[in-house]
Amino acid sequence: MSFLFGSRSSKTFKPKKNIPEGSHQYELLKHAEATLGSGNLRQAVMLPEGEDLNEWIAVNTVDFFNQINMLYGTITEFCTEASCPVMSAGPRYEYHWADGTNIKKPIKCSAPKYIDYLMTWVQDQLDDETLFPSKIGVPFPKNFMSVAKTILKRLFRVYAHIYHQHFDSVMRLQEEAHLNTSFKHFIFFVQVYNSVVMEHSSALTLFTM
């Protein structure tokens, strides 16, 4: 959420996804921000009483997209074709891109290209009213949880890349507290809702300490 990112919060990698002010999802977002602002990250991820689980996951998925968008936006000058010719999170984890539609067979690409593909794909999902309905009363599709799980699983890879490849730059920018808070929030969320199968079991211990 924006209060995490201080003076650099206006710098984003992709256009920010806005939740319409006055909507129920906007009210849910404000509730989440208020709880997160208390410093209790575990409480901040809990489903508010009486609220719809799909809507809660949708609001938080949009928010994590915006958080990661801002975090990556601060280090794009360090994540280049030359510095990061492959999308990886250390020597054991290399990611190849496929979206199942335009690119069906996974392709090897640089980290900035992969993240460009990824964030564009996520934004397309979030903008699709049949997947992420913004109006009260419009039902979520049966495959919503599967789509949300895939989005969160892929967004995790951006956190992993930043930590493994660019943490020195994050520290020089004095953004490490923001990154750590955002990542802890993300981990607590996916732990509670079991919506991501973590690809890096060691990362969970390393980055949430």
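From the N terminus on, the elements of the chain follow the order α-α-α-β-β-α-α-α-α, with seven helices and two strands in the chain. Helices are DSSP runs of H or I with at least four residues, strands are E runs of at least two, and both are numbered from the N terminus. The model is predicted, with pLDDT of at least 70 needed for local features and 80 or more for side-chain atom pairs, whereas totals for chains, interfaces and linings use all residues. Residues are numbered from 1 along each chain as its sequence is written, and side-chain values use heavy atoms, with hydrogens and water left out.

Among contacts (heavy atoms within 4.5 Å) with a separation of 6 or more, 73% are between residues 24 or more positions apart.

One cavity of 30 Å³ or more is present in the structure. Cavities and pockets were located on a 1 Å grid over the protein atoms alone: in a cavity a 1.4 Å probe fits but cannot get out, while a pocket is an open set of points with protein on both sides within 12 Å along at least five of seven lines, and lining residues have an atom within 4 Å of a point. Grid points are joined across faces, edges and corners, and a volume is the space filled by probe spheres set on the points.

Serine 182 lies in helix 6 (residues 176–193) and is buried, with a relative accessible area of 0%. The side chains of serine 182 and glutamine 67 form a polar contact of 2.5 Å (N or O atoms within 3.5 Å, one able to donate a hydrogen and the other to accept it; residues adjacent in sequence count only if both atoms are side-chain atoms). Asparagine 194, in the loop between helix 6 and helix 7 (201–207), is exposed at 65% relative accessible area. A C-alpha separation of 8.8 Å is found between asparagine 194 and lysine 149, which are 45 residues apart along the chain.

Conventions: Buried means under 20% relative accessible area, exposed over 50%, partly exposed in between (1.4 Å probe, protein chains only).
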